[in-house]
Amino acid sequence: MLERLGDRLVGIVWLPLAVGIWQLAISVGKVNPALLPPPGSVFLTLHELVVSGDVVAPVTETLGMLLASYATACIAAIALGLCMGCNQAIYRLFEPLVELMRPVPKSALLPPLFLFLGVGWPAMFTVVTLGAFFPVLINTIQGVRGIDTTLIDTARTFRCSARRTVLRVILPATLPAIFTGMRVSLGLGMVLIVLAEMLGGEGGLGFVLLDMQRSFRVVDMYAWLVVLAAVGLGLSAGFTCLEKLLLPWRSHT
Amino acid sequence: MDTPMKLLELRNVHKAYGTLAPGEFATLDNVTLTVEEHEFVSIIGPSGCGKSTLLQILAGLMPPTSGDVQLGGVAYSEPPPGVICLFQQYAKSLFPWLTVEANVAFVMETMPGMSRAAARQESLRYLDMVGLAGAAKKYPWQLSGGMQQRVAIARALAARPRVLLLDEPFSAVDALTRFDLQSLILKLWHEQNLTIILVTHDVDEAVFLSDRIALLSGKPTRVAELVETGLARPRNQITTREQPRFLELRHHLMEHLLSPSLVDAQHA
């Protein structure tokens, strides 16, 4: 246990090192403090943001929008992925559409989406949902197809109905693959929500970040960047916890 | 005992995958076999002769190309009620996301009048039969291979089968565990009044367990010979294997399975 903790601490060494280099670069005058203020002032601003509670509203807005669209994308992708994986006719029906849509960088859809849905949350919700949808879909389909025939034969020999086979056998057996897709989607969703907020937001983290830069509040900008990084780290850690909780067998099979 | 009743019947079963090239043989060519109620029959044959295909057809997991398979006089091509297949790859057959207890309860939840709670309660009874009541709350991947196959056996029993089909169920466990599982299967066969068909490549195992042995030929596959073991029951892992009849059967079957290609190969 102590050894494992030690192993992890080795990696954390980079954090103070990076901050040290940052400070050093400014101290020796290699970097213009107007572009990159010293870490001390950034952390002080960050501290103020947290203590005053100013941090809460943008974080809530970004997280709310991200999680709503992410959840929508995951549920839709898992449902369609199961159908496409289990049924050849459904697969052939949707496969061309999926292959057409999948390679399009979802960020490029923001301008037309703003035209159709207006500059606001519906367009942002749509772009994040679309972006998060495909990795989960593709992984779900591949997961279903990769299921060992013994497992399906097991469901058959016990005369499980089609519904019971899909929900109680195929879905759980596909969960590890689904989670792989969901992890990719979470990262993509994070990128897209920040971008969407920069282009059309009114208060999320992406909006605030760009707003600070445009109003030359560089120290605040970096403080918000740290907030954004912390949110990403928190989401990733939360995801790992959820995965361990829901898929305890993953590392054993 | 009354005259034995015909329970399972394979009639002129033929199975070919896709179309055959000239000189290629069908996997199964005209296999006919009748199994009576409460019989223990083993199917044995050279590797690649289609033993597992035959069991899949018996399980209703795969339809024959022609001919039919009947349970109690009724032909079927989907898994019929009362016929349960136990797979060689128990680790891939058990559900790793469910506890041992939930794995067993899974097959009872859909039974009429059975609540989830009652199924859980019942599962303990079946786990007790295979000596695993203490492992109910564990996950399959926390158990040894032999224990996992015991869970699979308990789960198969929980489905209350008349016929149990075993597809080389003990080939993936170590030799000593195999003896344990063989004895366990014989005990359950007797207590639960099961009819068992076992596919195996292990001659000793087939002789030790069975009433009759269907010896398959190489391709094109047919039943080359039906051998009545005639060994007394209950069987004993030590003494049964020492009986002259056991050795005689073993000799006869080995001769069939090993000749002539392997003997020739030794001269090369």
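Glu243(A) counts as buried, since its relative accessibility is 12% (buried means under 20% relative accessible area, exposed over 50%, partly exposed in between, with a 1.4 Å probe and protein chains only). The model is predicted: local features need pLDDT of at least 70, side-chain atom pairs count only at pLDDT 80 or more, and totals for chains, interfaces and linings use all residues. Residues are numbered from 1 along each chain as its sequence is written, chains are lettered from A and ligands numbered from 1 in the order in which they are written, and side-chain values use heavy atoms, with hydrogens and water left out.

**Salt bridges within a chain**

- Glu243(A) forms a salt bridge with Arg250(A), and their closest N and O atoms are 2.2 Å apart (a salt bridge is a side-chain nitrogen of Lys or Arg within 4 Å of a carboxyl oxygen of Asp or Glu).
- Arg250(A) counts as partly exposed, at 29% relative accessibility.
- Another salt bridge joins Glu99(A) to Arg102(A), with 3.4 Å between the closest N and O atoms.
- Glu99(A) is partly exposed at 35% relative accessibility, and Arg102(A) is partly exposed at 38%.
- In chain B, Glu37(B) forms a salt bridge with Arg162(B), the closest N and O atoms being 3.6 Å apart.
- This pair links distant parts of the chain, 125 residues apart: Glu37(B) is in the loop between β2 and β3, and Arg162(B) is in the loop between α5 and β7 (163-167).
- Over all chains, a search of the whole structure finds 22 salt bridges.

**Where chain B meets chain A**

- The contact takes 28 residues from chain B and 19 residues from chain A (contact means heavy atoms within 4.5 Å).
- The two chains bury about 2,200 Å² between them, 64% of it on carbon and sulfur atoms (buried area is the accessible area, with a 1.4 Å probe, that two parts lose on being put together, summed over both).
- In chain B, Trp97(B), Phe106(B) and Trp141(B) lose the most area to chain A, together 32% of what that side buries.
- There are 4 salt bridges between chain B and chain A.
- One salt bridge joins Glu78(B) to Arg156(A), with the closest N and O atoms 3.6 Å apart.

**Strand β9 of chain B**

- All 5 of the 5 residues of strand β9 (residues 212-216) of chain B are buried, so the strand is largely enclosed by the rest of the structure (helices, H or I of at least four residues, and strands, E of at least two, are DSSP runs numbered from the N terminus).
- Both faces are covered: Arg212(B), Ala214(B) and Leu216(B) are buried on one side, and Ile213(B) and Leu215(B) on the other.
- β9(B) pairs with strand β3 (residues 40-44) of chain B in the parallel sense over 4 bridges (two strands pair if DSSP finds at least two bridges between them).
- Within β9(B), Arg212(B) stands opposite Val41(B).
- β9(B) and strand β10 (residues 223-228) of chain B run antiparallel and are joined by 5 bridges.
- Ala214(B) stands opposite Leu226(B) in β10(B), and a hairpin through 6 residues joins β9(B) to β10(B).

**An open sheet in chain B**

- An open sheet of 4 strands has the order β2-β1-β4-β5, with antiparallel pairing.
- β2 (28-36) and β5 (74-75) stand at the edges, each with a single partner strand, so one side of each is left without a neighbour in the sheet.
- Strand β4 (residues 66-71) pairs with β5(B) in the antiparallel sense over 2 bridges, and Leu71(B) stands opposite Val74(B) in β5(B).
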